[in-house]
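Hi everyone, thanks for coming. Let me put a structure on the screen, and then I'll walk you through a few places in it.

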Amino acid sequence: MSMNGIDISGWQAGINLAAVPCDFVIIKSTQGTSYVNKDCDRAYQQAKKAGKLLGVYHYFSGGDPVAEADFYLKNIAGYLNEAILVLDWEGNENAKFNQGPAVAKPFLD
């Protein structure tokens with residue numbers, strides 16, 4: 001079975017997910033320990049109402065991985081048991097990227 005999906009962030013604020021032909025949507029919820037995507041819940045609720053499968057992601061900034069995980073979980077608590085949880089690990093804006101993905105292990109734990 002194949003599925004088509006998209007990931008969105010604050011750059012796509014206001015997107016009409018009911019009109020997007022996709023099976024799932026993964027929405028950026030947080031980054032680091034201070035950024036919360038202000039459009040996350042609107043997009044999440046719209047995608048849910050449209051019957052899309054759901055995910056929410058945290059963009060790792062390279063800070064304390066446990067602090068970043070705690071911040072993420074605090075902000076997505078209402079989506080637990082409905083959405084897949086995703087860690088976005090990229091070199092851009094990630095101060096610890098060059099140390100390798102093992103840095104993310106405490107976040108994932």
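Let's start at Asn37, which is buried, because its relative accessible area is 6%. By buried I mean under 20% relative accessible area, while exposed means over 50% and partly exposed is in between, with a 1.4 Å probe and protein chains only.

Before going on, a word on where this comes from. This is a predicted model, in which local features need pLDDT of at least 70 and side-chain atom pairs count only at pLDDT 80 or more, while totals for chains, interfaces and linings use all residues. Residues are numbered from 1 along each chain as its sequence is written, and side-chain values use heavy atoms, with hydrogens and water left out.

Back to our residue. Asn37 sits in the loop between strand 3 (35-36) and helix 1 (40-49). Helices here are DSSP runs of H or I with at least four residues, strands are runs of E with at least two, and both are numbered from the N terminus.

What does the side chain of Asn37 reach at 2.7 Å? It is the backbone oxygen of Lys28. A polar atom of the Asn37 side chain also lies 2.9 Å from the backbone nitrogen of Asp39. Such polar contacts are pairs of N or O atoms within 3.5 Å; within protein, one must be able to donate a hydrogen and the other to accept it, and residues adjacent in sequence count only if both atoms are side-chain atoms. Leaving aside neighbours within four places in sequence, Asn37 is in contact with Ser9, Gly10, Ile27, Lys28 and Ser29, where contact means heavy atoms within 4.5 Å.

Now let's step back to the whole chain. There are three helices and five strands, and along the sequence they follow the pattern β-β-β-α-β-α-β-α. The C-alpha atoms fill a box of roughly 40 × 30 × 25 Å, taken along the principal axes. Of the 109 residues, 39% are buried. If you take contacts between residues at least 6 apart in sequence, 63% of them join residues at least 24 apart.

Phe107 belongs to helix 3 (residues 105-108), and it counts as buried because its relative accessibility is 9%. Pro65 is 42 residues away from Phe107 along the chain, yet their C-alpha atoms are separated by 4.7 Å. Not counting residues up to four places away in sequence, Phe107 touches His58, Phe60, Pro65, Glu68, Ala69, Tyr72 and Leu87.

Most residues other than glycine have a negative phi. Asn81, though, has a positive phi, near 70°. You'll find Asn81 in the loop between helix 2 (65-76) and strand 5 (84-88). Is Asn81 buried or exposed? Asn81 is exposed, because its relative accessible area is 83%. Glu93 also has a positive phi, near 65°, and lies in the loop between strand 5 and helix 3.

Last stop: the start of the chain. Met1 comes in the segment before strand 1 (5-8), and Met1 counts as exposed because its relative accessibility is 95%.

That's my tour, so please ask away!
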